[in-house]
Amino acid sequence: MMNIEVLEFLMKERNIKSYYRLAKEANFPYTTLLDLVNGRSNNLNNIKRLATFFGAEYQMLLADTNYCYLVNEKNEVKSFLPLDILERSNTFATVLLGNY
């Protein structure tokens, strides 16, 4: 399954306001996109295609991937970091201390 929260975050970053617009801009079949979004499909090749469009790692779009959400002072999500990468970096301590 696809992580819809991450997908919508990536869409917002590119000012894409609908799945229809995403399908058009990514040259992706609209019905295939809806199947992914609605959980009727979990085709990894299609998820990889979407990730490539956004310039992201496909793991970001997988629903079972654990991420740390970094937020700004307005409590808006600014980025998603995979916990396995985060735990191996100095960022982990910085995020825990709130100094990011």
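One salt bridge is present in the structure, which is a predicted model. The bridge joins the side chains of Asp35 and Arg40, with an N to O distance of 3.0 Å. The protein has 100 residues, of which 35% count as buried, and its secondary structure consists of six helices and two strands.

**Salt bridge**

- The two partners of the bridge are Asp35 and Arg40.
- Asp35 is partly exposed, because its relative accessible area of 28% lies between the limits of 20% and 50%.
- Arg40 has a relative accessible area of 58%, which is over 50%, and therefore counts as exposed.

**Overall architecture**

- Read from the N terminus, the order of elements is α-α-α-α-β-β-α-α.
- Among contacts with a separation of 6 or more, 38% are between residues 24 or more positions apart.
- The accessible surface of the protein amounts to about 6,500 Å².
- Carbon and sulfur atoms contribute 47% of that accessible surface.

- Helix α3 spans residues 30-37, and its buried residues are Leu33, Leu36 and Val37.
- These residues lie on the same side of α3, because the arc that they cover around the axis is only 95°.
- Gly39 follows α3 and has a positive phi, near 75°.

- With residues up to four places away in sequence left out, Asn46 touches Phe28, Thr32 and Leu36.
- One of these contact partners, Leu36, is also among the buried residues of helix α3.

How values were computed: Residues are numbered from 1 along each chain as its sequence is written. This is a predicted model: local features need pLDDT of at least 70, side-chain atom pairs count only at pLDDT 80 or more; totals for chains, interfaces and linings use all residues. Side-chain values use heavy atoms; hydrogens and water are left out. Buried means under 20% relative accessible area, exposed over 50%, partly exposed in between (1.4 Å probe, protein chains only). Helices (H or I, at least four residues) and strands (E, at least two) are DSSP runs, numbered from the N terminus. The arc is that of the directions from the helix axis to the C-beta atoms. Contact means heavy atoms within 4.5 Å. Accessible areas come from the Shrake-Rupley method with a 1.4 Å probe; for residues, only the protein chains shown count as cover. A salt bridge is a side-chain nitrogen of Lys or Arg within 4 Å of a carboxyl oxygen of Asp or Glu.
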